[in-house]
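Please open the model in your viewer and keep the selection panel at hand. The tour below goes from one selection to the next and says what is there at each stop.

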Amino acid sequence: MVKFWASVLGGYPRGRLARYTMRDLDSGVLEPYKGLVELERASALVVGAQLASGMRFVVDGMLDWHDIFRPFAEAWRNVYLDGIIRYFDNNFFYRIPVFRGEPEPQRLVLPGRVKGLKMLAEPAGVKIVVPGPLTMVKMGRNESGLSDYDLVDRVASVLALEVREAVANGAVFIQIDEPFLSDPEASRDDARAAAEAASRIAREAGTAVTALAVYFDSPKPDVYEELIDSKVSLVSLDVGDAPARAIELLREKGCGGHGLVLGVIDARRIHDDSYSNVRDLVAKAIDACRELEEVGLTTTTWLDLVPLRFSLRKTYILGLYTERLAADLGGEAVIPISAKPEPYLAG
Amino acid sequence: MAAYTVPKAFPTTVVGSYPKLPSAQEALRRQRKGEISEDEFKRLVREAIRGVIEDYIWAGVDILSDGEQSREDMVVYFAERLRGYAPGEWVRIFDNVYFRKPIIVGRVEWVSPMALDDWEYARSVSGGRPVKVILTGPYTMLEWSFDLHYGDRREAILDLARAIRREVDEYLARGAKYVQIDEPALSTRPWREEAELAGEALEVIFRGVSAKRIVHICFGRIERILPYILDYPVDQFDLEFKNSNFRLLPYLKEYGYDKELGYGVIDVHSLQVESVEEVKKAIDYLMKLDIIGPEKIYIDPDCGLKRLPRRIAREKLRNMVEAAKLARKEWAGEE
Ligand SMILES: [Zn+2]
């Protein structure tokens, strides 16, 4: 019997409290400590929404991250930030991280967050997300003197350290985001570098579940072939953006022995997703990878590209559809609040 | 109005947006809070437009824009003025900066002129230099809105195109010489069907238009859509080159490009001011490839300058103009 569980892919948008707090923090009006308290309040809202919607793993919403690269770039020596540039095909811009040498962490980003989240997350597991080293290098600028792939390797080792400490502090789900692998320009070599980097990070994750996530589109078949060689537990694919190509990919290439996470709830549009479409998509994916014992369901990308209200609504839809799917497809839904405690929840 | 002669070779221009001047910032801030009358808003915006035009003239730019001072965002501005749109809720653009991403809730229709006042005002203070009409294209309007009405993208884009065409007619009736449609979203989804869809919309906007027809596309993978856009009904493609290290040029050569080219030589994402030599070298590079002649090459930045500090935007334009002058001497024998 296939087990179904749900977890949102990544961050949430900022509501008014978080917006004002960030503004006051950025302008120095608010003491950092008070800012943290305010952000924790804002974060509690999105954690509560995830718990109430039955998410198996929850994120703190990354409300204070201006973009996925920023908190890390700011914490590392030899990396500085330049102008802003478009983030894939979104009307959203990130600040370009410029590598002037090998990144060296001055402080760690994740452990403190995990501690804060752990108190709110029970009985769900704490999920953290790190930028994929390949995506960070490709979307950044490499002035380090190292080759791109050598730099990817260095970024991976710093992130591996982050992840080790995050797990030591209670994180049970580590997701490595490599949206660049869905880019038409991504090559087989890129995919190999990303897969190796993810393996390296996963090695430090101990007993935590690890996932390599690709979104905004489906990767090309040759890219996918390489990325499923990664030593992560799960491969997380956006199957909602280009459903036909995604299913074709799974049919042709399978899952490489990985568990699968399917991005089925459209995180970039605000209409309610059609249940029958989601069900058909999931049924086809399961049919393509018959060895699957469990399937995670998620959003096509982070929820921070829609207004807060819709991000909460989408979270609810994700939870609701997961339960319905389990019933309709003869599986079992894993919902922390009603399920019996599982090993990763203990302690 | 004093006559101004646009140089035949390497005329200089801008893509459109300029850093918001203080009075425009104030106007937009007070408008957001609902604390400003329409007249006061216009007054403040005009003050800003005048400042922008002064900067352009100081730098020596030939074909100007109004600097999009009243446009908080290139999509929201028009969405607020078209029927069929509802104001959205806050969505982040970058850092802690947000826009109200608009929602299409009904059939999109033109109601009344949307950006005409700013353009007319800019023209009145430009000392005779032509001012481009710059409008956000239908493809980008749809891509950067939420759609709860159409479901069918083609239908939505064509309605948007009809509304924009109606707007274009207002300017043509007042003697506009340059009409530019901005489609930055097009390069982010570089597929043939997408390029063809945008092309169909441009047909609606430009059919029978005798002013110079320009489409601006930037960033992303333009080379992927290039073969499908070359027969668009436009006189000029205005493209970004500097930020992508002129990667696109060999493709233009390969496809036998022969329209006019808005040649983006200034990186709008970098705070570093390009030197005159650097820009001149970029022009030389294009000339040596022997794709089109100097009278078909318009020198401009990669994209709008709105994200730069004003001081840097000014310096960048100044060096760009100086480089164009040198190139004019060298490649066209013009003073
Ligand atoms: Zn642009």
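Begin with the second largest pocket, which holds about 1,500 Å³ of space. A pocket here is found on a 1 Å grid over the protein atoms alone, as an open set of points where a 1.4 Å probe fits, with protein on both sides within 12 Å along at least five of seven lines, and its lining residues have an atom within 4 Å of a point. Grid points are joined across faces, edges and corners, and the volume is the space filled by probe spheres set on the points. Select R32(B), E72(B), N96(B), V97(B) and Y98(B), which are the closest to the pocket's centre among the 38 residues that line it.

This is a predicted model, in which local features need pLDDT of at least 70 and side-chain atom pairs, taken over heavy atoms without hydrogens and water, count only at pLDDT 80 or more, while totals for chains, interfaces and linings use all residues. Residues are numbered from 1 along each chain as its sequence is written, and chains are lettered from A in the order in which they are written.

Next, colour the elements that each give at least two residues to this lining: α1, β3 and α11 of chain A, and α1 (22–32), β2 (90–94) and β3 (97–100) of chain B. Helices (H or I, at least four residues) and strands (E, at least two) are DSSP runs, numbered from the N terminus.

Now turn to the contact between the chains (heavy atoms within 4.5 Å), to which chain A brings 35 residues and chain B 28 residues. The area buried between chain A and chain B is about 2,800 Å², with 52% of it from carbon and sulfur atoms; buried area is the accessible area (1.4 Å probe) that two parts lose on being put together, summed over both. On the chain A side, select R19(A), I84(A) and N91(A), which lose the most area to chain B and together make up 20% of what that side buries.

Which residue forms a salt bridge with R309(A)? Select E89(B), whose closest N and O atoms with R309(A) are 2.4 Å apart; a salt bridge is a side-chain nitrogen of Lys or Arg within 4 Å of a carboxyl oxygen of Asp or Glu. R309(A) lies in helix α11 of chain A and E89(B) in the loop between β1 (83–86) and β2 of chain B, so the pair joins two chains. Between chain A and chain B the count is 4 salt bridges.
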